[in-house]
Structure formats: C-alpha cells, structure tokens
Amino acid sequence: MGRYVIRRLLQMIPVFIGSTFLIFFMVYALGDPVAALFGDRAPDPATAAQIRHDLHLDDPLWKQYLIYMKNIFTGDFGTAFNGQKVTDLMGSAFPVTIRLTVVAIIFEIIIGIILGVITGMKRGKPVDTGVLLLTLVVISVPTFVTGYVLQYVFGVQLGWVSPSVSPAAPFNELILPGLVLALVSLAYVTRLTRTSIAENTRADYVRTAVAKGLPRRRVIVRHLLRNSLIPVVTFIGTDIGALMGGAIVTERIFNIHGVGYQLYQGILRNNSPTVVGFVTILVLVFLIANLLVDLLYAVLDPRIRYA
Amino acid sequence: MRGATRVKWAVGVTAVALTAAACGSSSDNGGGSGSGSGGVVRASWGDPQNPLEPANTNEVQGGKVLDMIFRGLKKYNPKTAKAENMIASSITSGDSQNFDIKLKPGWTFSNGEPVDADSFINAWNYDALLKNAQLNASFFSYIDGYSKVHPDATGAKSSATTMSGLKKVSDTEFKVKLNQKFSLWPDTLGYAAFYPLPKAFFSNHAAWLNKPIGNGPYAIQSYTKGSKMSLRKWDGYKGPDPAQNKGVDLRVYTDNNTAYTDLQAGNLDLVDDIPASQLKNVKSDLGSRYINEPAGIIQTISFPLYNKRWSSAQSAKVRQGLSMAINRKQITEQIFQKTRTPATDWTSPVLGDAGGYKAGLCGAECTYDPAKAKKLIQEGGGIPGGKMTIGYNADTGSHKEWVDAVCNSINNVLGNNTACVGAPTGTFADFRNKITSKQMDNPFRSGWQMDYPLIQDFLQPLYYTDASSNDSHYSNPQFDKLVNEANAETSTPAAVAKFQDAEKLLVTDMPAIPLWYQNGSAGYSDRITDVALNPFSVPVYNEIKVK
C-alpha cells in the first residue's frame, strides 16, 4: 500500500508541471492585462512599459513560465493587481470553499445515500417514482435558478437565513449554499445508489445473509450497502474537485469570497498569477481526492488490494 | 482486527478534511450582521481593482474610499458639481500658467501629522515619478518638469525625481508653474490624484497600503482586502463637512443582485448599483428610497478613423446618418427603464449651463430621423462593404442588449436586417487592448466617466489629437486650436464658450456618436435618511443619517 501511495504521489509531478504550463499558456493567450488597468483611458506608454517590466510581461512566454515556477518553489505565487499576495488570497479563499464543499459532500452522502437506499429497496413503489421524478427536476434546473429561488424564498420571504454569507463564512451560514451546490450531484448519488442497491438485492450473498437470519438492518448496512457503495464513492471522490471548481456560480449568488470568486476576478482582470495559482491548487486537490478514492476501495472491498 | 483499521482509515480521512476546513474560520467573526454597531451605515462595495493610492486609483470603487478618507485642495460640491476650496484658502494666478496656492492652517492627517505644503509637493512628485508606475501619473503632465520625471517614450529613464514646477514658499504656501496656459487647472485639483500624502506613506509604504491614512472625515478602522472595510468617523476632523453618522461598513459584493437581495432582507442599508434585472420592480420595492439621478457619464459609439473603411472623405456623412438612425428615446425607455437620458451633446447635464453643458448642441444630427438618416448614409456611399458591427465587451455591464437594439434601429432605417450586428469581445482587458493598439475595423462602444466636472474633461482627453482617451484617433487642427485657446482664457465663461465652439466641430466630423447620459441609481433601507448621489454617481456618505 505504501509503495502504491508513493507511486501515485510521484505521478503528480508531471501532471502538476503540465497543467500549470497549459493554464499559464491559456491565460497568456487571453491577452495583455495592462490596457484594462487604465480603464477608458489609453495607457501612457512609459507607465505601461514600467508595469509590464515589473510583472515580467515583456519577457517571452517560456521565460515568464520559468520565472513563475522558480518563484513557486520558493513559496511565492506572485501578486494580484490589488497588491495582495496570491498566497494570501489562497489562505482566505480555500478554507471557505473547503467548508462549502464539506457541507455539500455531507448533504450528498447523507441525503443522497439514504434516498438511494430507500428507492433501491422499494423499486417501482410510489416513493421510488416520486424521488426519481424529483431528481430529474433537480438535474434539469440550472444551479443559478435554484440558487436565486432558494435565496429569495428562505432569505427574503421567510427570513430564516441571511441571503448572503458574511466574510468569515462559518458553517451555519453555508448550509443553504452548500445544499444548492450539492443538489445536482445529490441527485446523481441518489440514482447511482438506487441502481447499485437494486442490482445487489438479488445477489447470492444477500440471500445467504437473509437466510442466516441476520437482522434486516445488519443485512442492509454491512452487506448490501458496503458492496453497493463502490461506484458511489468513485463519483463522490471525483466530485470533490468538480465541486470546488464549480462553486463559481454558487459563490457568486451567495456572495461567498472563496475560490470561485477569486478565480472569476482573476479571469476578469486577466491576472495570470491568481488564475494559475488557484487552478494549480485545484488540480492538486483533484489528484489527492482521486488517490483517496482509490484507497477507500480497499477499505470497502478487501478483495481490491494494491501491491 | 481488520475492521478496526478500516474504521481508522475512514476517520482519518474525514478528520483531515474537517481540519482543513476549520482553519481560518475564526479569522473574522461577526462580519456582515452589523448588529450592535449602531449609527453605522452598511453599504455595498466592489473590490477595488488596484492598491488604494490616490494616484493609482482610477475606478469608482477605490475612489469611493479615497473620497471618504481624504480631502484635497478643492472639493466638488455634491449638489452643484462646482469646485470649491477645501484645504486651499486661495489659488491665484495672473497669467493662467503660474499659480500660487495658499493652504488653510490647522489641517492634520488622522495620525496627527500636519497637512502642509510638503504633503502636497512630496505626494505629487511621488505620483508623477515613472518608477512608481502610478496609473494616474498623466494628471500631473501639465506641471512644468513632468517630462523629466516621467518621459513618455517606452523604456526611457527619468532624468529627475522632482518636478521643477513645484516650489515651496512656506509651510502653508507653494507655487506651481505649468508648462502651458490652463485657466481651469485649479478646478481639476479636487480629483483624487491630487490628494496630499502623510510622511507615513513614504516611510512604511506596505503598512500604509494595508490601512491607508488620510485627512478626511473618516478613518479606516479595519480593512480585509477583497471582502470588507470598516470606516469610522474621525473625531479630529476639522473640515466643514464632518460625518453625520458614526461610520460606514463597506461590504464587497460579487454580484449586485445579491446586494439588492440583502437590501430587501434588511441586511444592508445602501446599494449604489441597482441590477438591470431589478429596474422594473425597484419602484414598487423601495418607493421613494430609490434614487435615479444624472451622473457625469456619457456613452458613445466611437469610429476607428484610422481605418480606411471609415476614413474616406464622405465617411462623415455616413457617421452622421448612423447617428440619426438610432432611436435613443425608445432604447433608453425600454431597455434602460429611463436610467439613461438621450444625449444631445458630448458633455453631461451635471456640468450645468454655466459649466458648459448645452442641451441640443448636436442638433438634428443626434435626433432620430429615419428618412434623413437613410439619405445621408446613401450620400456618403453607404456603410462600407454594406455591413458593419458594433464592438463591445461581454464580461460586464450587459452591453449586449442595447448594442443589439442600436443595430436593430439602424437596420430598420436601412431596410436591411444584416447591415449591423453586435460584435462581442470576451473580456474588457482584451477589448481595451484591441482599441488602444488600433486594431478596430468597425465602430465600438465607448464610455466616459468624468474625472472632474469640467467641460474640458469631456473634450480634451477624448478628441484632442493624440490625447490619452482619443479612441477614435480623431484629429482636427481647428479643434486643437480652439481647445488651446479655451485653456488660455483667463475667465471661466470665456473658456467655456471656446470649448463649445470646439465641440460644435464634432457635429460635422462625428468621430463618436453621443448615445445617452448615464444616471446613477441607488436604493436604501428605511434605517437611513439624507441619501444622495454626487455628480460622480457616488453616494455622499458623510451626509447620511442613521435613525
């Protein structure tokens, strides 16, 4: 297992270098950010040249990339246009988004799996049809629509929660945004679990367990659910990265100053240090989440082992 | 036991996730609620684009803060837009070129330092110096010696660090020599770039940027970049316009829709940017707590006069015809819900008649007249190639709707559904790059928010040969000559009249079509009163009273 983990960690190095270069290249292709700094006024050539020089924008792309990488290894992710260190931006943005993602994942796991088990056990019954219809609706309505509607209903009409999240973004304020963020994935988790459970209820080992006279609860949780969870865990694992990156819409609606907000600002202002730095971290999160998923396989099914 | 190890694994994974999530959660508590902070206005804000320095801030969000924590030599009257002496006790000149500035005694920065002649001279020299790469450095270009501290050519080095045109006489008096005659120059001194700076700015720049120190009615209590700034009334302020409330909390919103929702839910007191999608409901939602006032902003469509498609001798007729083909009234009413006013000149109503605004100066050329428009366009040889586009940036400001409407209006006049279409560019940065590097083939949207309420600011930066915002690259020696003459006049009415003569040339040349004057719109909660917008469409924060 240890050797497997080390091999997986080493694989991250080329992925890290490749992805940073690609992102760097793409942001660079968006064009020169200096003109936009001056607003509607044309930049005076001397000041623009000075700013370009300070940001290394007058160097060729490969050289900019090398400078950037060299700085990264000394822990310097560059500076955003408003003078803040990108590492400071990360320090304030990532905890917020991670908290939001944790809330979303908890919703996915608890509601998604419970609904999935219920519908999987009661296939064809009204409960099953009802939940299926509901998940279909959730999947087909875009996140920003559900976001604005829930925000208006709970935040303005009922006044149960604040429509926007405060800068500190504590867990209790993230419940509604977390739910909005989780909704689509939650529907998929429900459907995945349902199918998997429905398939496994007819498996031999379940019949054996029932025949042995094990309590129903134990049959479902220990035998049926554990084997049915493998595809679900795969999905949730890959979803962590997707949720963190995809939080742009949710964060905007609820005014959460997380990764999505910083990325949006970075792209809008053509600020390559911000965009490259944040996406690089997201790539790492994605890789680590996948590694954790692979390790969890072995926990769920002892037959799956790594040398 | 194998079972036990497995559980450990799962617990471990969850624990890692939770610790990661928990760190940083205690950094700033009690942020948005604002409860318990009685007398404090909670207002929406946008993240300033650049570090907060007087000469490095050229957009509204950063400018808002600077206007709260700073006072300059002059201040623009929030109602009349007139430049009035603030720190200056007098600014005099005999020849429109050499100015003598006397300061009122007793002014201090909030850290106790006095505001004296050095505060201005040092600040201005810092702002203009090329090495400091200040975005507003060009505002000092009229001062003698600017070209030495800030040479224009790319890659050039400064040959001096201070401007020879600035001379200290005493702590309360200094002299400024300009490199040309500019009678209205004192009236530009209310602009943020000209604010004085304390010694703390130079001695510990990084600390100053984290928490700027000024000399205005408010002092910054705390500043969390990107999310919140708390300003509190500064009790040591001796100026004539102290804060009427205990402070202002500015909260960054990523989306003006969310700010509006927060206003409705009672979490916010003041929104100074009503989202376009809410304009229909805003009157029923807020009633008299909705403000819609003219601001010093004009929207235009500029032509790339450097491109041969638009540089032929007859092209001016086409441009005039296009101007007459736009149904401004209909578009401002239906798309903008009357938050824009059809433009009839190239300035803004906030200047007032005395300041140079002249309704109807553009005349028939800016009035919707389909028949005459079609005739003019045809006389001018028609739209080059039969097709044109109107460029805009798609990332902010929802420009698509009105550009499509303008094109629609032109197409209807010409009886050709494909003559004009919108041409979006992804980001503002990319859009500005294309414009400043002269890559436009077709007209594009352009907007101008005034720096100071002067007719000069609406004409010279935009239409003077090679001026900083002359996106059309319009050049007319007659226009330049009239502007120079206007600047050399010693009396304001004479200068304004000359500027208007220059402006009349724009009617025949039509380098840019005036579309509409933009209004500032704001909404506020029933917790506060005395809310107004100044001519720059920024709320007059210090006048707001909290119930």
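Predicted model: local features only at pLDDT ≥ 70, side-chain atom pairs only at ≥ 80, totals over all residues.

Residues are numbered from 1 along each chain as its sequence is written, and side-chain values use heavy atoms, with hydrogens and water left out.

The table puts the interface counts side by side.

| Item | Value |
|---|---|
| Contact residues, chain A | 59 residues |
| Contact residues, chain B | 65 residues |
| Salt bridges, chain A and chain B | one salt bridge |
| Polar contacts, chain A and chain B | 18 residue pairs |

Contact here means heavy atoms within 4.5 Å. Between them, chain A and chain B bury about 5,300 Å², with 56% of it on carbon and sulfur atoms; buried area is the accessible area (1.4 Å probe) that two parts lose on being put together, summed over both.

Which residue of chain A forms a salt bridge with Asp255(B)? The partner is Arg252(A), and the closest N and O atoms are 4.0 Å apart. A salt bridge needs a side-chain nitrogen of Lys or Arg within 4 Å of a carboxyl oxygen of Asp or Glu. A polar contact is a pair of N or O atoms within 3.5 Å, and within protein one must be able to donate a hydrogen and the other to accept it; residues adjacent in sequence count only if both atoms are side-chain atoms.

Now for the surface: a nonpolar patch with about 790 Å² of accessible area together includes Phe144(A), Tyr152(A) and Trp160(A). Its nonpolar side chains are joined within 5 Å, from residues with over 30% relative accessible area and no salt bridge.

Conventions: Chains lettered and ligands numbered in written order. Patch = residues over 30% accessible without salt bridge, like charges linked within 9 Å, V, L, I, M, F, W, Y side chains within 5 Å. Areas by Shrake-Rupley, 256 points an atom, 1.4 Å probe, with all protein chains shown as cover.
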